[in-house]
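Please read the following briefing alongside the sequence and the coordinates.

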Amino acid sequence: MKIAVVGTGYVGLVTGTCFAETGNQVTCVDINQEKVQQMQDGKIPIYEPGLDDLFQRNTQEGRLHFTTSLKEGIEGAKVIFLALPTPPGADGSADLKYILQVANDLGPILSDYTVIIDKSTVPVGTSDKVRVAIAKNATVDFDVVSNPEFLREGVAVEDFMKPDRVVIGTQSDRAKDLMSRLYAPLVRQGNPIIFMDERSAELTKYAANAFLATKITFMNEIANLCELVGANVDEVRKGIGTDSRIGKRFLFAGIGYGGSCFPKDVQALAKTSAENDYEFKILDSVMQVNESQKTKLIPHLAKHFKGDLAGKKIAMWGLAFKPYTDDIREAPALYNIDALLELGATVSAYDPEAMGHVKQLMGDKITFTKNPYEALENADALLIVTEWPQFRTPDFERMDSLLKNKVIFDGRNLYELNQMQELGYTYYSIGRQTIH
């Protein structure tokens, strides 16, 4: 099948590459000429495990193409995916200007029946707006479908190729048939394709992300209470996670969620609720708690140094909002860096993938190192922000020789308390006893 994907961010590039892997002819369209040239030269612009191999194979075998021309990109396409940014506006609502601009541009250049698919996370009612925008200048039949993505950065390729479910919002039998054929290779193990109306599909994506964000936030609240009553959040997590009604996932306490989805989607769903005169109280609380949770360890850090962080060097392990990605959107690391600099500390940071993005954002406000141990040299303390696997089993003897003080502030609970006690560290974590 001939497919066009408009937008080559995380969602667009993963979508296009994975559909090419299942044998389709895919053309990805982006207005960024430099980015398109980079991809035409065989260089992938994002870090996503497993994507580069698929990208190289499908470009070399002639199934994956890139262009800046919308007209050229959609020529002969049976389906057109819109995978465009929907950044939050000043009021928290999703900005649809990129999607609606492309919808306006599509109308006069459609030459045959086509299914236009909203792949971006969009507010309820967006499919209606896209349909109206296309119809103004279209001379052929078309359908607009909502097909939200459920990709986790770091495992996006696996999520796409082996989806838990595929949600498709359409009431058109013609579109249903085409979408069923498109996704058939990905659901051979029996995972469902769930058809529903467009508005329900649009709301499904927001509801899923908001629920997961709420689950994380609830666990962080439990962690904060654990610290006050002397309980251990890890034990509580095991105790409730084995209940099949609750499940084990998204129960790890830490310094809040970040990324491109949860913060934006929770905010947008709350905005949609407000626009419909409904006060979504849980979401308001989720946003408030997560905002404060990001810098949860800063007061402990300041107290440890008797309120004086001026001139103190803090080593930071992790900058990306989660491991296996270079994405720093709403990353807790950024909030902690700002807080530390404001208190007069200096920051020496290491991350396997995200340092380039932070350097673009912050310049020389902080120091970036070649490896995690270099960040520790003459540091007064270590602050762990992202749970990269290499941070889980470090060389503690080497760390001892580099740190001024054996002090760790762990925002991701990487180490066992008894281990820290045996090694002689002062160890602060989330929802657990402090080891002195």
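In helix 8 (residues 173–183), the buried residues are Ala175, Leu178, Met179, Leu182 and Tyr183. These residues lie on the same side of helix 8 because they cover an arc of only 125° around the axis; the arc is that of the directions from the helix axis to the C-beta atoms. Buried means under 20% relative accessible area, exposed over 50% and partly exposed in between (1.4 Å probe, protein chains only). Helices (H or I, at least four residues) and strands (E, at least two) are DSSP runs, numbered from the N terminus.

This is a predicted model, in which local features need pLDDT of at least 70 and side-chain atom pairs count only at pLDDT 80 or more, while totals for chains, interfaces and linings use all residues. Residues are numbered from 1 along each chain as its sequence is written, and side-chain values use heavy atoms, with hydrogens and water left out.

**Nonpolar cores**

- A nonpolar core is a set of buried Ala, Val, Leu, Ile, Met, Phe, Trp, Tyr and Cys residues joined through side-chain atoms within 4.5 Å.
- The largest nonpolar core has 63 residues, of which Met316, Trp317, Leu319, Leu340, Met399, Ile408 and Tyr415 touch the most other members.
- Helix 14 (residues 332–342) gives the most to this core, with 5 residues.
- A second, separate core comprises 38 residues, including Val26, Ala156, Phe160 and Met179.

**Enclosed space**

- The structure holds 1 cavity of 30 Å³ or more; a cavity is a set of points, on a 1 Å grid over the protein atoms alone, where a 1.4 Å probe fits but cannot get out.
- The largest cavity has a volume of about 40 Å³, a volume being the space filled by probe spheres set on the points, which are joined across faces, edges and corners.
- Its lining residues (an atom within 4 Å of a point) include Asp118, Ser146, Glu202 and Tyr206.
- Helix 9 (residues 198–229) gives the most to this lining, with 3 residues.

**Arg412**

- Arg412 lies in the loop between strand 13 (407–410) and helix 18 (417–423).
- Arg412 counts as buried because its relative accessibility is 14%.
- The Arg412 side chain reaches the backbone oxygen of Val385 at 2.8 Å.
- Beyond neighbours within four places in sequence, Arg412 is in contact (heavy atoms within 4.5 Å) with residues including Gly254, Phe321, Pro332 and Glu387.

**Thr27**

- Thr27 belongs to strand 2 (residues 25–29) and is buried, with a relative accessible area of 9%.
- Thr27 and Ala77 are 50 residues apart in sequence and 8.8 Å apart in space, C-alpha to C-alpha.

Methods:
Polar contact = N/O pair within 3.5 Å; in protein donor to acceptor, adjacent residues only side chain to side chain. 1 Å grid on protein atoms, 1.4 Å probe; cavity = no way out; pocket = protein on both sides within 12 Å on 5 of 7 lines; lining within 4 Å.
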